[in-house]
Amino acid sequence: MSDDGHEHNEHENVPSRQRRRFAGISSRAYEHPADRSALVALRKLSGFDTVFKALSGLLPERSLRLLFLSDSVRVSDQQFSHLNDMLRDACYILDLEKVPPMYVNQDPQPNAMCIGLDEPIIVVTTGLVELLDEEEMRAVVGHEVGHALSGHAVYRTILLFLTSLALKVAWIPLGNFAIMAIVTALREWFRKSELSADRAGLLVGQDLQASMRGLMKIAGGNHLHEMNVDAFLQQAEEYESGGDLRDSVLKILNVLPRSHPFTVVRAAELKKWAATRDYQRILDGHYPRRDEDKDTSVSDSFKESAASYASDVKSSKDPLMKLVSDIAGGAGDLGGRVRRGFGGFASPTPPKDREPEDDTPPGDDD
């Protein structure tokens with residue numbers, strides 16, 4: 001404490017005091033290609049347009065706002081003022097003209113969300129506020145502002161509503177099946193959208209280590225002295241490349257019910273993006289702008305997403321993705337590869353009656 005009774009700011013020389021602002025930035029600058037492609041696939045899902053239009057008119061938007069107004073603490077200059085400063089700063093950096101309302105909700109589970117149909121609302125839990133330091137929290141606030149700028153709040157709200165509805169109509173087999181098909185597609189999109197929002201959080205905080213620490217804490221709690229960023233990222237490497245095809249299938253099954261990607265995967269994806277030329281170009285002031293969005297070709301965006309997916313498959317160390325890459329490349333003996341994959345990719349033993357291959361170089365035959 002200082003002599004005048006006020007605490008000194010312990011972050012006097014952090015990057016937040018000299019961060020860049022991205023005037024007019026389009027969400028296309030930071031959106032993960034898989035986010036856009038998953039959203040395209042979602043919109044093509046049979047029945048989604050009908051459900052979307054119906055829920056847009058039926059969801060109790062005013063009730064939702066009144067709920068948080070009456071049972072949470074609204075962030076302002078008088079309440080959680082440090083969060084209010086972060087929120088306004090994040091909106092300034094990403095040039096979001098209207099600052100969305102932000103609420104702190106009593107919940108020990110660390111979480112944050114951006115919801116709403118007409119206008120986005122940001123909600124953070126007390127568990128998250130108590131877990132993260134100032135710069136880590138700044139990245140989270142930037143993450144949620146990124147959701148708002150990308151227009152993700154509408155789909156997130158519908159996902160929450162449909163997930164609740166699916167539980168209520170679980171006894172109706174066909175009704176539940178139809179809803180769960182849309183919920184599954186929404187979850188797949190939302191997991192990808194989280195990767196986009198992580199990038200927005202990094203653009204706001206401009207401190208990769210703070211973003212990494214925040215993700216580590218969400219995974220392992222407030223024990224930074226017991227954790228290490230490099231070891232944490234090594235887990236992501238092991239998760240992606242370890243095991244056999246059975247593990248690949250289990251990874252898919254494990255992630256299906258989740259709204260967020262696994263934390264180590266998010267950390268690895270963000271670190272990878274931070275090392276790209278695309279990120280550096282944004283910091284240098286070269287990025288897509290909102291006033292150009294109307295001229296953006298949908299087909300070009302889809303091609304970019306498809307190219308990114310193909311590149312990810314080709315470079316992935318996951319056994320299933322390697323098999324997919326081999327199939328695309330026309331690799332032979334796929335049946336054998338699959339059998340070996342489910343057995344740990346053991347090296348095949350050549351049949352005893354098989355003739356040895358001719359090692360004579362091409363062109364040396366008589």
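This tour visits a pair of helices, then a residue in a loop, and then a residue inside another helix.

The model is predicted, so local features need pLDDT of at least 70 and side-chain atom pairs count only at pLDDT 80 or more, while totals for chains, interfaces and linings use all residues. Residues are numbered from 1 along each chain as its sequence is written, and side-chain values use heavy atoms, with hydrogens and water left out.

Begin by selecting helix H9 (residues 208-220) and helix H12 (residues 263-274), whose axes come within 9 Å and cross at roughly 170°. That crossing makes H9 roughly antiparallel to H12 (a term for angles over 145 degrees). Now show the side chains where they meet, with heavy atoms within 4.5 Å counting as contact: Leu208, Ser211, Met212, Leu215 and Ala219 in H9 face Thr263, Arg266, Ala267, Leu270, Lys271 and Ala274 in H12.

Next, select Gln106, which is found in the loop between strand S2 (102-105) and strand S3 (112-115). Gln106 counts as exposed because its relative accessibility is 64% (exposed means over 50% relative accessible area, with a 1.4 Å probe and protein chains only).

Finally, select Gly142 in helix H6 (residues 134-150), which is buried, with a relative accessible area of 0% (buried means under 20%). Leaving aside residues up to four places away in sequence, Gly142 touches Ala90, Leu94, Ala200, Gly201 and Val204. The C-alpha atoms of Gly142 and Arg199 are separated by 8.9 Å, although these residues are 57 apart along the chain.

Key
Axes fitted to C-alpha atoms, helices over the stretch in contact; angles between N-to-C directions. Helix = DSSP H or I, 4+ residues; strand = E, 2+ residues; numbered from the N terminus. Parallel < 35°, antiparallel > 145°, perpendicular 65-115°, else oblique.
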